Amino acid sequence: MVKNLSVDLCGVSLPNPVIPASGCFGFGAELADSLDLNVLGGICLKGGTEQARFGNPTPRIAECREGMLNSVGLENPGIDAIVAEKVPQLRRVYHNAVIANISGFSVEEYRRSCAKADSCAGIDIIEVNISCPNVHNGGMAFGTDAASAAAVTKAVKEVCRKPVFVKLSPNVTDIVKIARACEDAGADGLTLINTLLGMRIDIRSRRPVLAAGMGGLSGAAVFPVAVRMVHQVSRACRIPVMGCGGVSCAEDVLEMMMAGASAVQVGAENLRNPFVCPEIIAALPALMERLGIEDIREIVGCAR
C-alpha cells in the first residue's frame with residue numbers, strides 16, 4: 001500500500017502535507033527527544049518579532065469545551081536570536097521544510113524582520129502573520145484591512161527571495177477581498193485561518209478568565225469555519241493555500257485538502273497530544289486506500 005503523500009509549496013518539496021502550526025510546537029528542537037521530527041512534512045516555527053517579547057500577563061490560556069483561548073502575546077526571543085540560534089539548533093536534527101512565522105507592528109518592522117529570515121539558510125518559507133495591531137493606524141490589525149494587508153505583503157516581497165505565505169485573520173467580513181489583495185501585492189501563497197476572537201468569563205469572580213480580556217479561539221470548534229474560508233479563498237485565488245484551524249486527525253487533513261489546501265497545519269491539538277502529527281501521517285495511507293486515493297495531490301480542491 002504505497003501512497004504518494006508528497007506535496008509542493010512554491011517549489012519547496014515536502015514529503016507529506018502535515019505541518020505543526022506556529023505557536024503550537026515551539027521552535028521544533030524542543031521535541032526532538034520525544035519524536036522523530038523528520039517524519040513531519042514541515043515545521044512552522046513559533047512566531048517571531050523584531051525585538052524579544054515577554055508576552056502578555058497571566059493568565060493567558062483558557063480552556064473551552066471544543067478548543068482553547070490564548071492571549072500569549074507573541075512571546076519570543078526576537079528575530080536575531082531565532083536566525084542565529086533557534087534555526088541552526090533545529091537544523092542539526094531536522095531536514096525537511098522550515099517555515100518562519102513573522103509578526104510586526106509596522107510595515108517597516110515586517111520588512112526588516114522578514115529580510116533577516118530570508119537571509120537565513122535554514123529557512124525555506126516565510127509566513128507573515130498579519131493579525132498584529134498596526135501601531136501607526138490606531139491599533140487595527142493589518143489583516144482586517146485589504147490596503148494594510150497589501151502594504152505588508154508588498155514590503156516583504158521587496159526584500160524576500162524565498163516564498164512568502166501570508167497568514168490571514170478570520171476576523172473579517174470578506175476573507176476573499178483580503179486574500180486577493182495579498183495575491184495582487186505579490187504573495188506566493190496564503191495560510192488560513194488564524195484564530196477567531198473569543199472570550200471566557202469566570203462566573204465566580206465575574207471577571208474575564210484571560211488577563212487581556214479577549215484571546216484567540218483555536219481547536220475543533222473552528223474547523224468548519226477554516227474549511228469554509230479555505231474553500232472560498234482557493235476558488236478565488238491562483239496561489240497555493242496552507243489550511244489551518246481545528247485539524248486533529250487524518251480525516252481532517254483530507255477534508256481541508258479537498259477544500260483547496262495544498263498542505264495542512266495542525267495547531268492546538270499538538271498541545272493536547274504532542275504526537276498527533278506523526279499519528280496523522282501514519283494514518284493517512286490506510287485512509288487514502290479506503291477512499292481510493294493514490295496521490296494526495298489529486299484531491300486538492302476537488303470539492304470545488
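I began with Leu-168: setting aside neighbours within four places in sequence, I find it in contact with Ile-130, Ile-175, Ile-178, Ala-179, Cys-182, Leu-190, Thr-191, Leu-192, Ile-193 and Asn-194. Contact here means heavy atoms within 4.5 Å.

A note on the source. The model is predicted, so I take local features at pLDDT of at least 70 and side-chain atom pairs at pLDDT 80 or more, while totals for chains, interfaces and linings use all residues. Residues are numbered from 1 along each chain as its sequence is written, and side-chain values use heavy atoms, with hydrogens and water left out.

**Entry: the core**

I looked up where Leu-168 belongs. The largest nonpolar core has 92 residues, and Leu-168 is among those with the most contacts inside it, together with Ile-130, Leu-190 and Leu-192. The largest share of this core, 7 residues, comes from helix α8 (residues 276-291). I count as a nonpolar core a set of buried Ala, Val, Leu, Ile, Met, Phe, Trp, Tyr and Cys residues joined through side-chain atoms within 4.5 Å. Buried means under 20% relative accessible area, exposed over 50%, and partly exposed in between, with a 1.4 Å probe and protein chains only. In soluble globular proteins, nonpolar side chains tend to be buried together.

**Entry: the whole chain**

I counted 8 helices and 16 strands in the protein. These are DSSP runs numbered from the N terminus: helices are H or I of at least four residues, strands E of at least two. The C-alpha trace spans about 55 × 50 × 40 Å along its principal axes. Of the 304 residues, 55% are buried. Among contacts between residues at least 6 apart in sequence, 70% join residues at least 24 apart.

**Entry: helix α6**

How many of the residues of α6 are buried? I find 7 of the 10 in α6 (residues 250-259), so the helix is largely enclosed by the rest of the structure. The buried ones are Ala-250, Asp-252, Val-253, Leu-254, Met-256, Met-257 and Ala-259. Their cover includes β1 (7-9), β3 (18-20), α5 (223-236), β15 (241-244), β16 (263-266) and α8. After α6 comes Gly-260, with a positive phi near 135°.

**Entry: cis peptide bonds and positive phi**

The peptide bond from Thr-58 to Pro-59 is cis, with omega near 0°. Pro-59 sits in the loop between β4 (42-44) and β5 (61-64). Its relative accessibility is 43%, so I log Pro-59 as partly exposed. Beyond its neighbours within four places in sequence, Pro-59 is in contact with Val-209, Leu-210 and Ala-211. I also took the separation of the C-alpha atoms of Pro-59 and Asn-70, which are 11 residues apart along the chain: 9.1 Å.

The peptide bond from Leu-192 to Ile-193 is also cis, and its omega is near 15°. Ile-193 is in the loop between β10 (189-192) and β11 (196-198). Both Leu-192 and Ile-193 are on the contact list of Leu-168.

Cys-10 is not a glycine, yet its phi is positive, near 55°. I place Cys-10 in the loop between β1 and β2 (12-14), and at 32% relative accessibility Cys-10 counts as partly exposed. Leu-74 has a positive phi of about 60° and is not a glycine either. Leu-74 lies in the loop between β6 (67-70) and α1 (79-91). With a relative accessible area of 23%, Leu-74 is partly exposed.

**Entry: Ala-181**

Is Ala-181 buried or exposed? Ala-181 is buried, with a relative accessible area of 16%. The residue is in helix α4 (residues 175-184). Not counting residues up to four places away in sequence, Ala-181 touches Ala-146 and Ala-150. From Ala-181 to Glu-50 I noted 25 Å, C-alpha to C-alpha, for residues 131 apart in sequence.
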